[in-house]
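Subject: Structure handover

Hello,

Here is the structure for you to look through. My notes on it follow below.

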Amino acid sequence: MASGSKSFLADAGYGEQELDANSALMELDKGLRSGKLGEQCEAVVRFPRLFQKYPFPILINSAFLKLADVFRVGNNFLRLCVLKVTQQSEKHLEKILNVDEFVKRVFSVIHSNDPVARAITLRMLGSMASIIPERKNAHHSIRQSLDSHDNVEVEAAIFAAANFSAQSKDFAGGICNKISEMIQGLATPVDLKLKLIPILQHMHHDASLASSSRQLLQQLVTSYPSTKMVIVTLHTFTLLAASSLVDIPKQIQLLLQYLKTDPRKAVKRLAIQDLKLLANKTPHTWSRENIQALCECALQTPYDSLKLGMLSVLSTLSGTIAIKQYFSMAPGTTATAARSFDLVKLGQECCYHNNRGIAAHGVRVLTNISASCQEKDLLALEQDAVFGLESLLVLCSQDSSPGAQATLKIALTCMVKLAKCRPHLSQSVVESLLTQLHSAQDAARILMCHCLAAIAMQLPVLGDGMLGDLMELYKVIGRSATDKQQELLVSLATVIFVASQKALSSEVKTVIQQQLENVSNGWTAYRIARQASRMGNHDMARELYQSLLTQVASEHFYFWLNSLKEFSHAEQCLTGLQEENYSSALSYIAESLKSYHKGIASLTAASTPLNPLSFQCGFVKLRIDLLQAFSQLICTCNSLKTSPPPAIATTIAMTSGNDLQRCGRISNQMKFSMEEFRNLATRYGDLYQSSFDADSATLRNVELQQQSCLLISHAIEALILDPEAASFQEYSSSGAASVESEYERRMMSVFNHVLEEVESLNRKYAPVSYLHTACLCNAVIALLKVPLSFQRYFFQKLQSTSIKLALSPSPRNPAEPIAVQNNQQLALKVEGVVQHGSKPGLFRKIQSVYLNVSSTLQSKSGQDYKIPIDNMTNEMEQRVEPHNDYFSTQFLLNFAILGTHNITVESSVKDLNGIVWKTGPKTTIFVKSLEDPYSQQVRLQQQQGQPPSQQQQQQRTAYSRF
């Protein structure tokens, strides 16, 4: 766990000296020029690391040209190294600027007398097919080499032909007949035919090519019935159908036919594997007859391995739209009604099978049917699913082998799904899990705890029933300090936090702390504290952070833990809030703010240049400002008592025509307060937009904070400032069904309660009375009484995405401006690279990047001429789609006004759902606009009182024309 999900502080490298791109390239170039083969090879294999570090075209272009030189003059081993580097760096190939020069140097080796050198060159060309798909000389060399008598060269030509066919329609069309002749030719050895057939999977560029390839494959399947040929041909057939899309139903029928009629096990296995591929890719193309045929095969086969494969396909299909098609009765098909449920029969038969895998897939089929066909009365089927899951649970929880654990995961996933879609079954599911927890292996217990936590999150009503069993188990586990036991301590503590929905009892806290003192290491205690912060158990979290402060190795970690301790203490202060007691509420908020200010100072000290902790600092600063705004609002409400409206307030209101003036100074204060909450809501929105890598729970948390700000600003407006215009329609409760955490559930319930109170007051009483101010204060206290949840992104960054921009022209020194003449335009080229962490696209992926370029005049030089307003600033935006994580575009900027201009380039991204995220970065350069020489000369002459000569006039006309 510790290595899998890195803490955001874990990868902070301190003080490591980095070479700049040019120095690094020169260092490798020195190795390439060395006389020793070993040093040359070492230099070559270090290039991919260089590309990863400096992924911009200017470096990649020169590096690849150097590699091409090594390829041209080196020996075969060096060529092989260059080939491997090219294959590893495939996504950087399109950044080569001098493609012709690069290809020329590589291609010269194709004329060598050494067939191995030619073979390596062909593989090199094949690896570069994405950037030279239509090079006729490469196409010709591949065709020629297919006729070679050297096996190594022919295999290389096949590799290159496959790669070019995938990229080039012309090449695929031209080579198809040649491949066909070679496959059907008697002189071609069988092993070569087996290598040639897979090329046909790329013949999907147009319908006629795909059709002729299918006909050829159809002939091959019937003409060459040997096992190897059938397997390769059928698999190529499937891949071709999956790419060309139109023939998928025919392909499913063909595979099912082989599965039914071919007696060879290897062919049946291949058919199952390909059916699984098509079930994942296009489940909507499976007809009811296809599923029925597969069910019949599975019911009839005596072999467990084949049954397992078929059930795996059916369990994949049962979780998709295909299951709806299977159960939808076509009109007039009463005769087949009994047989149409063969899938159910198969599931019921298999869920008690002695083979674990078959039983798991059988149960999964039944669970998916229960979940997707809710309108049908499936009581017996539900019971079978539950009993099957329970028997699997008993079987797998006693076994710590990897196979048993994988099966257990399937069973537990089904349990969570069943509890969610059929809540009446959840009680029995939870009871069976709790019973089994006591006797299970540690590895199984961890997975079962995750399952219990997921069910308790969905159905909090089950939490209390779990607590007794969980506490008993917590007392007896943890006798040894093995990794599994430590993991189990964390998992069990998490379930206990979820199950005890409100505050933890002192007894529970004591049990957890005793166990941690006995056997846990610091990392386990930290993870449990983190879960406590996430579930809102801040007093427990504070004590654990406090105990860890002296156990860390660096001051950054110390400050991080200290800040967490202070935040937990601050949130703990707010649990003492009581309704109607406003003076104590102010003191509690003040106490909380004191701890928050200490914590933010500590958090700032914990940040490093590599880990600026920007989300954490932003979130906490907003929380501090929100608490201050709440405090200010309660003070404002109290001011109605301390300074009520003056006696002449009504007269002032009548003369000024502003009815609110009769409430006295509270009306203006409320206006300021409302603006402040709206401003906070906007800032929460900005934090949301800048958190591209955050998980959905963290984003939902930020959204709830934003909604609480909007709620209070709406309440102020509806109760005091503008009761007539207040609308409650847009704030009505929505989305309550999709609540995913206890924190969200409680926040939504507070929102709905506050809105009801505000609406009833709004109808009954005119503003402003003590009822109105009491309602606002109670709303603030109700919001603060829900313990804040610090979600995963506050502690862990599972996805990491950053954009690196490079501008050209760029000055050598960042402070120096770029000189441009005022009658010319500057072409600004913006290049960018998207960089990912270890799990790219875990939560969301980048679809396109928006680049915004703006320029502002910083200082004017020269005389003040009247210049159109359009020429004073530049404001442009372009949308680019990254390809292989690289993008580039150009802007044409005008600097007509003399002086220094500041150009800012800012990037934001759009994900696959169309949401725009302000990820940054923001880059700035300076441009100095200079007067063009001719205008300068004319101006000097005018100042000296000389009219410009005739010759200069003509020259000016010619100049302006261009």
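Helix H13 (residues 227–244) buries Met-229, Val-230, Thr-233, Leu-234, Thr-236, Phe-237, Thr-238, Leu-240, Ala-241, Ala-242 and Ser-244. Buried means under 20% relative accessible area, exposed over 50%, partly exposed in between (1.4 Å probe, protein chains only). Helices (H or I, at least four residues) and strands (E, at least two) are DSSP runs, numbered from the N terminus. The cover over those buried residues includes helix H11 (190–196), helix H12 (207–223), helix H14 (248–261) and helix H15 (265–281).

This is a predicted model: local features need pLDDT of at least 70, side-chain atom pairs count only at pLDDT 80 or more, and totals for chains, interfaces and linings use all residues. Residues are numbered from 1 along each chain as its sequence is written, and side-chain values use heavy atoms, with hydrogens and water left out.

H13 has 18 residues and reaches 26 Å from first C-alpha to last, close to the 26 Å expected. The expected span is 1.5 Å times one less than the number of residues. Leu-245 follows H13 and lies in the loop between H13 and H14. Its phi is positive, about 70°, although Leu-245 is not a glycine. Leu-613 also has a positive phi, about 50°. Leu-613 sits in the loop between helix H31 (582–606) and H32. At a relative accessible area of 5%, Leu-613 is buried. Most residues other than glycine have a negative phi, and most peptide bonds are trans.

Now the cis bonds. The peptide bond from Ser-808 to Pro-809 is cis, with omega near 0°. Pro-809 is in the loop between S1 and strand S2 (818–821). The bond from Gly-920 to Pro-921 is cis too, with omega near 0°. Pro-921 is in the loop between strand S8 (916–917) and strand S9 (922–930).

Next, the strands. Two strands pair if DSSP finds at least two bridges between them. S1 (residues 801–808) and S3 (residues 825–836) pair in the antiparallel sense over eight bridges. Ser-808 has Lys-829 in S3 as its bridge partner. S3 also pairs with strand S6 (residues 886–894), antiparallel, over nine bridges. There, Ala-827 stands opposite Leu-892 in S6.

On to the aromatics. Rings of Phe, Tyr and Trp (its six-membered ring) pair if their centres lie within 6.5 Å; planes under 30 degrees apart count as stacked, over 60 as edge-to-face and the rest as tilted. The count is 22 aromatic pairs. Phe-619 and Phe-794 have ring centres 6.0 Å apart and planes at 70°, so this pair is edge-to-face. Phe-619 lies in helix H32 (residues 614–642) and Phe-794 in helix H38 (residues 792–795), so the pair ties together parts 175 residues apart in sequence. Phe-619 is buried at 5% relative accessibility, and Phe-794 at 2%.

Last, helix H9 (residues 151–167). What covers its buried residues includes helix H7 (115–127), helix H8 (136–146), helix H10 (169–184) and H11. Asp-150 caps the N-terminal end of H9, with a side-chain oxygen 3.1 Å from the backbone nitrogen of Val-152.

Best wishes

Note on methods
Contact means heavy atoms within 4.5 Å. A polar contact is a pair of N or O atoms within 3.5 Å; within protein, one must be able to donate a hydrogen and the other to accept it, and residues adjacent in sequence count only if both atoms are side-chain atoms.
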